[in-house]
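User: I would like to go through the terms used for this model and see what each one rests on. Please set the values against the definitions.

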2 protein chains.
Amino acid sequence: MSKQQLIDFIQHILPMPVAKAELISAYFTEIHFAKNDFVLQEGQVSSHSYFLESGCFRVYSIDVDGNEVSTEFFTAPIIANDFLSFFKRIPATDNIVALTNCVCWKISFDDLQICFHTIPEFREFGRMMLINNYSRLKQRMLGMVQLTAEQRYQKLIEVNPELFQQTALKNIASYLGITDTSLSRIRKELVKK
Amino acid sequence: MSKQQLIDFIQHILPMPVAKAELISAYFTEIHFAKNDFVLQEGQVSSHSYFLESGCFRVYSIDVDGNEVSTEFFTAPIIANDFLSFFKRIPATDNIVALTNCVCWKISFDDLQICFHTIPEFREFGRMMLINNYSRLKQRMLGMVQLTAEQRYQKLIEVNPELFQQTALKNIASYLGITDTSLSRIRKELVKK
DNA sequence: TTTATTTCTTGCCAATTGACAAGTGGCAAT
DNA sequence: ATTGCCACTTGTCAATTGGCAAGAAATAAA
């Protein structure tokens, strides 16, 4: 397996000489997850960040009533982890599970620190990655505030149609902030139109 | 005016020798905003980050129907800016306005870059600040998904009661993702109890 | 003070969504 | 084939919320 996709991804997030991207990529090692494998479980301190080359992850937490709430879906290519647990070195409150077989490249926290303090381009890359994730989250928040459940559903199916092949509708429902019952009704209405 | 509060804030986010915190704080210069002053307007590229020593900011954007939607409130002490615009050097989609007279310390993007690449402690501080903001946003997102409007209101009044003295209820309503009418009814119901 | 403007509240009705329960269909183990 | 287990759909009813409009209250302007 080659690291070409990782190198391309790094350069896509932050343009830099290929030699620098290769230098950064040298700190990553390959790891595979099978469908339904846990990438991280609640209570663990996240030890690695993952470049997801192919496949997708689901992130979920358990609410006060004991129900699973899907909080995020990572679809390749992306850097995936629990930022809070990883960077603050605290136990995760979320679970991350592979929805499909996945090809990943991982980097440990210690190696990431070395890169961060010795490779200026990596610093910029890392910051940009955080900004991008912040931005995605903010967009989703705006959607929750401004859009109806039906509009949020339509947006999701437009932006990420593959998701519907890879996870249960009930997981998508909790991600959209509605019950599976409501989602079912919304889908029914949209079929009519 | 002394920079002591800024120095304390830096050390609170990321413990470090006081000399380092002072070195970082040297890049910040004082600036005041009067109530209703714009800190940033839609379309501008954010040129500075602000340490808000006292006072508070409101962040809002305009939705498709032309309505103001409050997306965030910054209350001192905090580092406040439009991260997306500031770090990506792109026009802001949000407006930031001072809700009260504010005492701030600002740092330009260029100076921040210098700190970022020359002061290891600042790198860690900056990253931790981004993580903290990401975490706040994620908590708010979870609230939008898991809590009722009434619960979100109660949480806000618990965590940030001063806010209700400093901005109109309609702004709080849009922040909570409901109409001002609904907020009014929720408040009425809670008075009964 | 008077006037004008904005904010907040309230009532009415409609649309959305949730809670609960029953029923259908797919899938896997036996 | 049977059984059990989930995921999904559907119906009924209740609660929440929005849209609209009118009026009250607070604030700003003249």
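User: Which residues come nearest to DNA strand C, and what makes a residue count as near?

Analyst: A residue is near a molecule or strand if its C-beta atom, placed from the backbone, lies within 6 Å of it. Around DNA strand C there are 17 residues, of which A:Ala149, A:Ser182, B:Ala168, B:Leu169 and B:Ser184 come nearest. This is a predicted model, in which local features need pLDDT of at least 70 and side-chain atom pairs count only at pLDDT 80 or more, while totals for chains, interfaces and linings use all residues. Residues are numbered from 1 along each chain as its sequence is written, and chains are lettered from A and ligands numbered from 1 in the order in which they are written.

User: Which helices supply at least two residues of the surface near DNA strand C, and how are its residues classed?

Analyst: Helices (H or I, at least four residues) and strands (E, at least two) are DSSP runs, numbered from the N terminus. On chain A, helix H6 (149–159) and helix H9 (180–192) each supply at least two residues, as do helix H8 (169–176) and helix H9 (180–192) on chain B. H9(B) gives the most, with six residues. Ala, Val, Leu, Ile, Met, Phe, Trp, Tyr, Cys and Pro count as nonpolar, Asp, Glu, Lys and Arg as charged, and the others, Gly among them, as polar. By that scheme the surface has five nonpolar, six polar and six charged residues.

User: What comes nearest to DNA strand D?

Analyst: A:Ala168, A:Leu169, A:Ser184, B:Ala149 and B:Ser182 come nearest, out of 17 residues around DNA strand D. Two or more residues each come from H8 (169–176) and H9 of chain A and from H6 (149–159) and H9 of chain B. H9(A) gives the most, with six residues.

User: How many residues of chain B are in contact with chain A, and where does the largest share come from?

Analyst: Contact requires C-beta atoms, placed from the backbone, within 7 Å. On that basis 26 residues of chain B are in contact with 26 residues of chain A. The largest share of this side of chain B, 16 residues, comes from H5(B). The residues on this side of chain B comprise 14 nonpolar, six polar and six charged.

User: Why is B:Gly43 called exposed?

Analyst: A residue is buried if 20 or more other C-beta atoms lie within 10 Å of its own, exposed if 12 or fewer, and partly exposed in between, with C-beta atoms placed from the backbone. B:Gly43 has 10 other C-beta atoms within 10 Å, so B:Gly43 is exposed. B:Gly43 lies in the loop between strand E2 (38–40) and strand E3 (48–54) of chain B. Leaving aside neighbours within four places in sequence, B:Gly43 is in contact with B:Pro91 and B:Ala92.

User: Why is strand E3 of chain A described as largely enclosed?

Analyst: Five of the seven residues of E3(A), residues 48–54, are buried, so the strand is largely enclosed by the rest of the structure. Strands pair if DSSP finds at least two bridges between them. Six bridges join E3(A) to strand E8 (residues 102–108) of chain A, running antiparallel, with A:Tyr50 opposite A:Lys106. Three bridges join E3(A) to strand E6 (residues 78–80) of chain A, also antiparallel, and A:Leu52 stands opposite A:Ile78 there.

Notes
Contact = placed C-beta atoms within 7 Å.
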